[in-house]
Structure formats: structure tokens, C-alpha cells
Amino acid sequence: MLQHRLGALAFSLVSVATFLLCSCARSRSANDSSPGSEPFFTPAHPTVANAVKEFLGWRATPIQPIAFPHNKHIANGIACMVCHTGVSKGPVAGIPSDKLCMRCHEFLASDRAEVKKVAGYFNSGLDVPWQRVYGFSPSAHVKFNHAPHIRAGVDCSRCHGDVTNMTVAVRAVQINMGFCLGCHRAQQASTDCVTCHF
Amino acid sequence: MSSARGIFVLCSEPDRTERAVNALLSAGLPMSDIIVISSEPLERYRFAELKKVRMPWLVVCGAVLGGMGGFLLTSLTQKGLAIRTGGMPVLTLWTDGIVTYELTMLGAILTTIVVFLVTARLVFRNHLPYDPQVSQGKVMVGIASAPDALRDKIAEMFKAIGEIRE
Amino acid sequence: MSHCWGMAVDLDRCTGCGACVIACQAENNVPTVGEEAAQKSRTMHWIRIERYYEGEFPNPRVRFRPVLCQQCDNAPCEPVCPTYASYHTSEGLNGQVYNRCIGTRYCANACPYTVRTFNFFNPVWDKPLHLQLNPEVSVRQIGVMEKCTFCIQRIKASEIQAKAENRALREGEPVPACVQSCPPKALVFGDLNDPDSEVSRLARSPRGAKLLSELGTQPKITYLQRDSWDGPNS
Amino acid sequence: MAQTAEQIQRDLLRPVLDPSRRAKPVIAGLALLVLAGFSAWMYQMYTGIGVAGIRRPVFWGFYITNFVFWIGISHAGTLISAILRLSNATWRRPITRCAEVITVFALLIGAMFPLIHLGRPWLAFWLAPYPNQRGLWPNYRSPLLWDFFAINTYLIGSLIFLLLPLIPDCALLRDNVTGWRNKLYSLLSLGWRGTQKQWHRLEAAMHIMAILIIPVAVSVHTIVSWDFAMTPVPMWHSTIFAPYFVAGAIFSGIAALIIAMVFLRSSLHLEEYLRPECFDNLGKLLLVMSLLWFYFLFAERLTTWYGNARPEIAVFWLTQRGPYRHLFWVMVGCNFVLPFPLLAIKKLRTIAGTFLASVAVVIGMWIERYLIIVPSLSHKFLPYAWGTYRPTWVEITITAATFCGMALLYLLFSEVVPVVSIWELKAGLREPVR
């Protein structure tokens, strides 16, 4: 019985000690959750919970500031590359600035609520705070480059799903290393680790 | 089934155990049906002699299986990965030998324990009667099931030897 | 044609200025660790300049030797890694895959050149220095081994660019940061598979020698030197 | 000499049925120290491996020293008990279980150290070969992977080797207790009845396990030695390492066994069972291993000195005359100079004598592992990159905690099951005295 009680005591002590240590360490250690507030930058996880989430691959569904309807724009004959201009040139496809939106929407459908939001951002000189939908976690150390994929004729939908039927973009394709490798093997592209990780 | 109950006698010393075994043998029961339960191995007695077990052979089979598993694991996965490292060949037999060796031994060890548990009828429920007095040094002798007539006869013989348990 | 990247280090030209160290630090997001860690010899340089002193007072001499990952063909660091975090790339480099590294530090022990550096803590940059981090290179985290990659990001970028323009890589096209910044041009980088490249020519030079060649690691870096000085007497 | 079976049973069950109250403060104290070590580990996990004293170029320090040391200690048990079982030595009966318990616990502690020392311990499962979406497998060329397989095999094997002969004793306990403990021991005894068939199978299985476990034990420390011998580090890249390590492991293992037996003897009042002749015999074994250890040390040192290769001789003089000289000569004293007379002279080979020698050997063997790892790493090939190593409080706390952990586990074990095999002693009563 005593051993039992000691075990319980040990467990609770360890939990308390760990918690205290963690909280002390957290107050000392850096975090990048609130840019500008900390005097230094580090790739550390801001909290233990954050680290656990990344370890398990849990990502929150992004909530976009504007309910952008991809389907309507594509149906009107606007190709992906009209807005995501970087996709054939370099690593990043890019999200258009609100200037590009306003080029049409200054006159087109300018009475709609969502378009008014864009105009609001534009008039106050701010960028729309779009949330990232895809992308790799920093600890994956993936240096993805869009351009060679576009040049190799990989369709956007291969990795981003059927955006023609989406309003706001959602993570339709689970992109993990197995997904990348499957395609690289099928296309006889390089499967050397340093092709993507460096 | 009432006609197939077992009958056992608790003996207090090895000589009585021998007498009980002899009694059962004289009743025409084969040695293989007679059960002797004790708290220590009674190797020196005739009734403890059992035919040879096939355990070592099964263990060798387990070892071969483990070794084959180990070799296949290393060779197939290295082929599947086909990574070029340090100018060394993809399949490295010297180092695969180590993993193969360890898995051979693991196969043998696991087979030993499984064969032991199965042949000794452990874990899997057995319905043998038992008496805690065995732990105090008594020896239980008897058979697991016997027809009524035979049981009466055995009981008669056991009376002189010790306490009877059914 | 596949490439085999190599380097030549002309010790007769090296002045020990340290430009390569700084360039590497900036290009590859190599963290500075601070005084306390530096005292514990936990500095993180992918390239270092070794200084050895020779001779007594009237005629002292300083020898400089930039040492970086030798990108061995027969690398001791590679076979010991249990997870293939250090492995041989198809272009003959000793790759280090940060995300695969679990931090056994076995490779660093096995490396006879002691050129692997380890992230004992999460690296830290005083703001706003973090804004000058190179986005083409990942920022390594705690518990991960890292080392010179011959600026793999530049090699990859050149290769992608050449492929887009449907041509072969030109001589001197990918240039690692250290080579680019070396004022006396003591460092030369190039393709050892191309017999006409400058680095191949220098690798065949009679002045050339490999570092710790007796270990049979077959480095891809050739050290050039007029007199035959093979290191300090220990 | 214990006379009857009843007496044996009564004496050996007593520590389990009626545990001494004096043990409780000891248990509490040990548990606190283990807790301190655990907290230190958590602190290291949270803050980073940098809180340990390792640095460039000494990337392995106390943790790997402890790893090799504890894996070495684990050779106490299973190997000694297997050899004694196979050779059917009568004096083995009271000590086999004490020895096997050391193996299991020392292995568990030893196997923790590679995890403690990892930079990213939460990814340690990548050492296991399992199919994954990345299409990646572990590197079978890496000695660390051989360790993974060898230690797991040895752990499973020695656990079975410990538990098999425990079954009848658990059945005995089952019949002597009531309540939840009865349920526990019923579970542990796996429905053991004690039929002659079961006894026969048990002995056959133990015989086979004894044969199997010896080559596994040898392979485990061989592979641990290859962690070092496979790398081109001065004084590591040596063919002598495998037998040197195996001999050293058995050496420190026997010493640990003697220490454990001395404590068991006095604390559980087992004077009648762990008799002086057991210590005498183990003392002789320890003497043989001490001589063997010295032989290997001499062979290693002589070939290095004679070869006079520049990187190796630098490490050689570092340990002989340099900053590590004190540790080196303490090691020689502890492993050879002190134990040799204590064990060789019959008058001194008493319980106290063997105990003293064993304590020295355990200390000496820990230093030996430290001296293998640290001086070599600190003086590799390029003098510019030479360095030093100093442990921090984190490493020292964790190291101390593992010794307390070993004592704690042993103490708890001896209160849960009889630490001397009852049925084997009873069977020994019938054996003709040789």
C-alpha cells in the first residue's frame, strides 16, 4: 500500500515539477508568437501544446478574412496564374495584393459586402490578412519550388484539389512526404533527399 | 458430466506418492493419464519420467524463421530504399548479418516461450483440480476423469494413502 | 551529365581574413551562439580558419587552413547515422537532412575533421537581425546536426535555372558563399566531373593534397600548398 | 545450511508476506532521488540537450558512459546465471534470481540513456523498422541500429529468463495470500498447477533459454563496443574492443551481483542461503575477470604505444600522463591493484573482502567507460579542434538517480517476489551433495 501511495506522490510531484520547470523555462525562452514584442527571434515552439500539435501534424483550419469565391473567378475565365503570378517563375505562387483585386472590383460588383471589405483594406492601405492554407511546417525543412513543377506540366489540381468548385480554398489534398514521393517516383523525378530538404 | 469426474489423493511424502501412482497403474491406467501435482519437480521418481519433448526442434524452426525474417527485412527494405551511401553497396551483407543474427535469436527466444506456454498448458485455462496444500509440500496424485465404477475402486485404494479430493 | 561538386583551397593564397566564415554565417542562417556557449566551444561555424604557429620568436610563422566539410566520397559520418539523416546525395555530397536528424551526434564523433556542428539549444537572433535570415535556407532547430552543404540552395537554384533555360550549367555557375566572398580567391569551387573545370585542374596540381588522406575518406576538397607541411606536430 | 523445505519456504516468503518496516524510509528516500533525476531529464528535454556538458568535439559524455556501464552491469545476471545453470553448479541455486533481476533492471536503465542523450528524443521511434509514407527505413549499417535490435532481443530474452522460473514461486505466493494480492499472483503464475508435465517443460524451457541467452548477451556488448570501434576515432578503431567490452561487462556484472547479494543478505536476513561459499566462488570468478581485464588493458595499451601512430599516441599520453592520468590510475587501482590481493588471498576472500573488491570494480569500470569515450573524442585528428568536457549538474543528477533507481527497483522487487528461488532450492535439497 505504501508503495502505491508513494507512486501516486511521485507522479504528482513529477507533474508539478515538470509544469513549474516548463513555465519558468517558457518565460525565459523565446517565442515568435507575437512578433515585435520579443527582443529576439527563434524557431522554437511558443508553447508545449504548439510543439505537440506540430509533432502530431494537427493544423487548425484557416479562417479567411474574406469569403473569396474561387469558383466564380475561375468560371469567369480567370486562370490561376492571373492572380498567383509567381507560380511559374519561382518558389512561391504568391497571393495577390488588394491592388490587383481593386483593378476590377473598383467597378465590378462593388456593392457586394465581401468586395466592400476588400475596398476597405485597400482604402486604409493595408494588405488583406489572408491565412495560409497549404505550406510546410518549419520543422519539415521543405524548400518547395513551384516553378519546376509547373514547367514539368503538373496540374495545379494535383496538389490543390479541384479549386474550380471551391469558394475559399480548403486543404483538399493531404500533402505529406509520401504524396510527394509517389509523384516524383511516377514521373522519375529526383527522389534524393536534398531535392526538397535543405 | 458426472460420469467423468476426476479423483485425486493428497500425499504427504514421496513414498506415499509412489504408492498412489502404483495403485493407479495397478488399476490399469496408463502412465500418461496419471497426474502428479507437486510444488517442486520430482525428477528422481519413475512417474516423473516423460517422453522426450520436441521443444529444441521447434525452437530451431523459430530461429530459422526469425533469421529469415531478419534477412528479408534488411535486404528488402534496403532494396526498396536504394539509397547510395558513402560509395558502399546498397545491400551490405556484413551488417545485415548482425540484424539477422539478433532476429534469429529473438525468433528462438519467442518460440521457446510460446512452445512452453502451450505445451505446459499455461495461460489457456485448464480445469485441473488444485489444492493450496500442495504449496505446503503435499503431492496430489490422481486422474482428471474416470468413470464412476473405476473411481470407486480408486477411492478405496486411496483411502489408505491420504486425503481424497474430487 | 551528373555533377560531382568539389573545391580547391589554395593555402598559399589564404590570408586568414575570415570573410568566408562571415559569408557562410550569413548565407546559411548559421546562428551565433553567444559568449557563454562559445566558451564551452559550442560555436557553430560551417567553415573555420585553423591557425597554427610555427617557429620561434625571430622567425615565427602563422599557417592558416580553412576547414569545412570535406564532402568525403567514403564518409565516416554517413554509415553511422541510424536514420539516414546524413547520407550520400546523388551528386556526391554528404547530405544532411535536418528533419530526419534525431540528434545521436554519432556522425560528429565519427567525422575526423570535426566539422559538424550541433544545435545544443534553439538558435536565437536578436531582432531585427532575424529579418536578414536567408529564406532559401531552413532555420535549424534544437537537437539537430548541421554542417557545410556547399551551399546546396545555390546549387539547386542554378540547376533549376539552367533546366528552365534548357542548357547545361556553365563553369562557375553555382558559387558557394565562401568562394564568392574570398578576396584572394583562395577557394575555388566547381564540377570535378568536368575535366576542364578549374577545380579539376587544381585537383590534379602537384601542389595538391587531401586533408588526413591516410584515413582513406577520399575528400572532395584539395588543399594546395608549395611546401610540404602536413599539419602541426601534436 | 537450511534443512527442510518448510524452513526454506518460510524464510524466503517472509520478506514478501511481511515486509520490513525499516525499508520504507529507504524506499521514500530513493524515490525522491529518482524523482530528482527525472525532473532533471524533463528540464533537459524542455530546455535542450545543451544543459548537459557535452560540446564540440566531445559529443558523447556521461550519458553514453552510463549507457555502456549499465549495459555492462546487465551482463551480471543472465550470463552468469545461464553459465552456472548449464554447468549445473550447485551453489548457483540461491543466486540465479538475484543475478537475473540485475540484468532486467540494469538493461532497462541502460536502454534509457540513448534516449536521454538524443537531441530530439521524441523522434527515437524512427529507429524501428516500420513501413511509413515517407518510404524510409532505418540504416542497417549504423551500429546504433544494431544496438536497437540487440538490446531489445536481450531485454525480451532476459525478461523471459527471469520470469520463467518465477512462475512456480508466484503460484506458491498465490496460495499464501488473499485479496488483491491473490489476484495479482494468480495472474503472474499463469494458472500454474505443478503437474509433472509442467515441471518438465519448465526445466526444458529454462535449459533452452540458458543456451540461447549466452550468445545474445555476448552479442549485446560486442555491439556496444562496435558503437566505438566502427568509427575512425583514435583509440576507438580497434579490433580488441569486442572481447574487451564483453570481458569488462562480465567483470562489472559480477561485482554488481556481489554488492546486491551483500545487501540482500543483511537486509532480508538470508544469511542461511547466501552463504560465504557463494561469495567465495563469485570472488574467484571476479578474480579471473580482473586478470582478464588487465590482460586486455595491457594488450590495448601496448599495441597503441608500440604502433606510435600520431593521433593515437596523443590520446595515449593524455590518459597516461595528461589531465586524465588521475582517473586512469584510479581505474587501474580499482580494477586490478586493489581487487587482486583481496580476491587472490583465500583469507581475504570473505564476504567483506569480495564486497570491497566489488565496490572498487564497479567504480573502476565506470571510470574505464568514461576514459574510453571522453579522451578519444577530445583529441581527434586536427589539433585545432581539440577540446575538453565537463559534466553539468543535470548529467550528474541523472547519473546519480539511475543508481538510486537501480536500488529502488531492486528493493521493490524483493518485496514483491522472493528474491531467492524457492522451488529451485527445494529441488536442490534432494540433490546429492558434491
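1. Start with chains B and D. In this predicted model, the two chains bury about 4,900 Å² between them. Carbon and sulfur atoms account for 66% of that area. On the chain B side, B:P41, B:E102 and B:I109 lose the most area to chain D. Together these residues make up 13% of what that side buries.

2. Now count the residues that touch. Chain B puts 58 residues in contact with 51 residues of chain D. Polar contacts are found, however: 10 residue pairs across the interface, with both residues at pLDDT 80 or more.

3. Which elements of chain B supply the side that touches chain D? Strand β2 (34-37) and helices α2 (55-81) and α3 (93-119) of chain B each give at least two residues. The largest share comes from α3(B), with 17 residues. By type, the residues on this side of chain B divide into 38 nonpolar, 13 polar and 7 charged.

4. Turn to the salt bridges. Over all chains, the count comes to 23. One of these joins the side chains of C:E27 and C:R154, at 2.9 Å from N to O. C:E27 sits in helix α1 (residues 19-27) of chain C, and C:R154 sits in helix α5 (residues 152-164) of chain C, so the pair ties together parts that are 127 residues apart in sequence.

5. Check the backbone too. Most peptide bonds are trans. Two bonds to look at here are cis. The bond from C:K127 to C:P128 is cis, with omega near 5 degrees. C:P128 lies in the loop between β7 (125-126) and β8 (145-146) of chain C. The bond joining D:R56 and D:P57 is also cis, with omega about 0 degrees. D:P57 is found in the loop between α2 (23-47) and α3 (62-73) of chain D.

6. One last backbone point concerns phi. Most residues other than glycine have a negative phi. What is the phi of C:Q71 near? The value is near 45 degrees, which is positive, and C:Q71 is a residue other than glycine. C:Q71 lies in the loop between β3 (61-68) and α3 (77-80) of chain C.

How values were computed
Residues numbered from 1 in each chain as written. Chains lettered and ligands numbered in written order. Predicted model: local features only at pLDDT ≥ 70, side-chain atom pairs only at ≥ 80, totals over all residues. Heavy atoms only, no water. Contact = heavy atoms within 4.5 Å. Buried area = accessible area lost by both parts, 1.4 Å probe. Polar contact = N/O pair within 3.5 Å; in protein donor to acceptor, adjacent residues only side chain to side chain. Helix = DSSP H or I, 4+ residues; strand = E, 2+ residues; numbered from the N terminus. Nonpolar A, V, L, I, M, F, W, Y, C, P; charged D, E, K, R; others polar. Salt bridge = Lys/Arg side-chain N within 4 Å of Asp/Glu carboxyl O.
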